[in-house]
Amino acid sequence: MITITEQKPFEEILQSLEKNTAVYIIGCGTCATMLHTGGKSEVLTMKERLEEAGKKVTGWMVIPTACDQLTKAALVESARTIQEADSILVMACAFGVQTVGFYIEMQVYPALNTLFVGKEEGPGHFIDVCMQCGNCVLASTAGICPLVRCAKSLLNGPCGGSVGGKCEVNPDIPCAWQIIYDRLAAQGRLVELDKIEPIRDWGTSASGGPRWFNVVTSDE
Amino acid sequence: MKAGTNLEKILESGQFAVTAEVGPPKGSSPAVIRRRGELVRNSVDAVNVTDNQTAVVRMSSVAGCAILKTLGVDPIMQIVCRDRNRIAIQSDVLGAIALGIGNILCLSGDHQRFGNHPTSKSVFDIDSMQLIQALKNMRDEKQFISGEEVSGEVPIYIGAAANPFADPFEFRVARLAKKVKAGADFIQTQAVYDVDRFRRWMEAVCERGLDKEVHILAGVIPIRSVGMARYMRDYVAGVTIPDEIITRLEQAEKAKEEGVRIPLEIIEQLKEIPGLHGIHIMAVGWEDIVPEVVERAGLLPRPVL
């Protein structure tokens, strides 16, 4: 599992920093490093490009895992050079950006777009397998999530656009329902597809409003 | 009678039905719908009005159907699950009934990536199967999806789509059976060019006795040009056109005439297929050809019930 990111167009980053003159850059040593979107070398390239564009870069660091609590300590440790800047550019996923923003009262800008939490299907090939809807359907779909892997989130697929195992949206995308069908067939469970999957409760998903979670400890 | 529409009367009386499709304008003119409706009104039993087909913004299906209704045409409102959630869909259904619309066709909808607003957010709150079930429940149990009571009658003749040319082929009959179980009264299929495959599908349909539970209308699309045929083959989701048809059009002296002759030959073969109860002519943008196709197919005059 890894958070998939890609770098925003440089022009968009400059647009964000339009009113700022001095920037501190933060990269991330975990997902963004693995994906070459916010590791040390990308941070150094960004530093160069920002300087070429007339910005002062007061300093930079690559936090081991930008989304965890140790980010606070890293920000305290480098407080002096960070404070010399009027903005922080974070080359991490949106979790990293928001973690930095959570611990420091400064203007924080993202350098990356966060796409999805990906599962590595083959070397260097990641796919989106879960939309974190809070109401798991995998029991009836042979362990393949059609909500995120079918372009139309069908629960009673496949649609009329499934041809040769491919999705009508893009011939490079496998039809999730063809995969589900094949797996159920192999397991002798095709009869399960005769059941009409009922209308879902989307209230547990982001559609239900902002979500939170409290850990219940055994003492309580 | 479930809704008492002309389409329902024709099908329930055991007659071979003919429907056509009218694409609403990319604009606000009711005259466009009226003109297209006038063109086909005496040649068909009911007329589908598409719901932003291929995800291109057009006048709404409910408005188009209401306009057709004023001409005395029996409209079939199409609803796709792409653009509206269960709240909006159920609201539109009530509005449609208030306007005298009785036939509703339930579809998933072409993905917005194909349309003129590819950056839009898709909805897909419910799928086409669940939509059929929801409409049946509104009609027969007077219940909204939430379980709350609907006030007044909800007379709907419920339609659904089937594509015998999509994969996996073995599942296509099972999927139809699901739609029937969900509550479909009639089915309009994707365009038939590969009659052999369609025949095999219909055989399996009849084997399961589904032809006794639902009325199936086979889709037919007249072909305006070789370019259109190639475009449909390569870019229209779910349509399969065998190469020999493309070759025939390429070699024809007048491709447009051949483009009418081909569907006519297909209709002749379709009429012989046991269990088939009608045809659905999708000549979007070429509505003026519909009367000629229906007449040359020997399907005129349409019964008056």
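Reader: At what angle do α5(B) and α6(B) pack?
Author: In this predicted model, helices (H or I, at least four residues) and strands (E, at least two) are DSSP runs, numbered from the N terminus. Axes are lines fitted to C-alpha atoms, for helices over the stretch in contact, and angles run from 0 to 180 degrees between N-to-C directions. With their axes 8 Å apart, α5(B) and α6(B) pack at an angle of about 25 degrees.

Reader: What pLDDT do local features need in this predicted model?
Author: Residues are numbered from 1 along each chain as its sequence is written, while chains are lettered from A and ligands numbered from 1 in the order in which they are written. Side-chain values use heavy atoms, leaving out hydrogens and water; totals for chains, interfaces and linings use all residues, side-chain atom pairs count only at pLDDT 80 or more, and local features need pLDDT of at least 70.

Reader: Is α5(B) roughly parallel or roughly perpendicular to α6(B)?
Author: Angles under 35 degrees count as roughly parallel, over 145 as roughly antiparallel, 65 to 115 as roughly perpendicular and the rest as oblique. The angle here is about 25 degrees. Therefore α5(B) and α6(B) are roughly parallel.

Reader: How many charged residues has the contact of α5(B) with α6(B)?
Author: Contact means heavy atoms within 4.5 Å. On the α5(B) side are B:Ser128, B:Met129, B:Ile132, B:Gln133 and B:Lys136, which meet B:Arg175, B:Lys178, B:Lys179 and B:Ala182 of α6(B). Ala, Val, Leu, Ile, Met, Phe, Trp, Tyr, Cys and Pro count as nonpolar, Asp, Glu, Lys and Arg as charged, and the others, Gly among them, as polar. By class, three residues are nonpolar and two polar, and the charged number four.

Reader: Which term describes α4(B) relative to α5(B)?
Author: Helix α4 of chain B covers residues 86-98 and helix α5 of chain B residues 128-140; their axes are 12 Å apart and their angle is about 45 degrees. Because of that angle, α4(B) relative to α5(B) is oblique.

Reader: Is the crossing of α4(B) and α5(B) left-handed or right-handed?
Author: A crossing is left-handed if the near helix is turned anticlockwise from the far one by less than a right angle, and right-handed if clockwise. The crossing of α4(B) past α5(B) is right-handed.

Reader: How many nonpolar residues are in the contact of α4(B) with α5(B)?
Author: From α4(B), the contact takes B:Ile89, B:Gln90, B:Val93 and B:Leu94, and from α5(B) it takes B:Leu131, B:Leu135 and B:Met138. None of these residues is charged and one is polar, while the nonpolar number six.

Reader: What is the relative accessible area of B:Ala55?
Author: B:Ala55 lies in the loop between β2 and α3 of chain B and has a positive phi, near 60 degrees, although it is not glycine. Buried means under 20% relative accessible area, exposed over 50%, partly exposed in between (1.4 Å probe, protein chains only). B:Ala55 is buried, at 9%.

Reader: What is the relative accessible area of B:Asn52?
Author: B:Asn52 sits in the loop between β2 (46-49) and α3 (61-70) of chain B. Its phi is also positive for a residue other than glycine, near 45 degrees. B:Asn52 is buried, at 15%.

Reader: Near what value is omega for the cis peptide bond from B:Asp167 to B:Pro168?
Author: B:Pro168 is in the loop between β5 (157-162) and α6 (169-182) of chain B. The bond from B:Asp167 to B:Pro168 is cis, with omega near -15 degrees.

Reader: Near what value is omega for the cis peptide bond from A:Gly157 to A:Pro158?
Author: In chain A, A:Pro158 belongs to the loop between α7 (146-149) and β8 (166-167). The bond from A:Gly157 to A:Pro158 is cis, with omega near 0 degrees.

Reader: What is the relative accessibility of A:Ile180?
Author: A:Ile180 is found in helix α8 of chain A. Leaving aside neighbours within four places in sequence, A:Ile180 is in contact with A:Thr141, A:Ala142, A:Ile144 and A:Pro146. A:Ile180 counts as buried, with a relative accessibility of 0%.

Reader: Against which helix of chain B do the buried residues of α8(A) pack?
Author: Helix α8 of chain A (residues 176-186) has as its buried residues A:Ala176, A:Trp177, A:Gln178, A:Ile180, A:Tyr181 and A:Leu184. These pack against α7 and β9 (170-174) of chain A and, in chain B, against α6.
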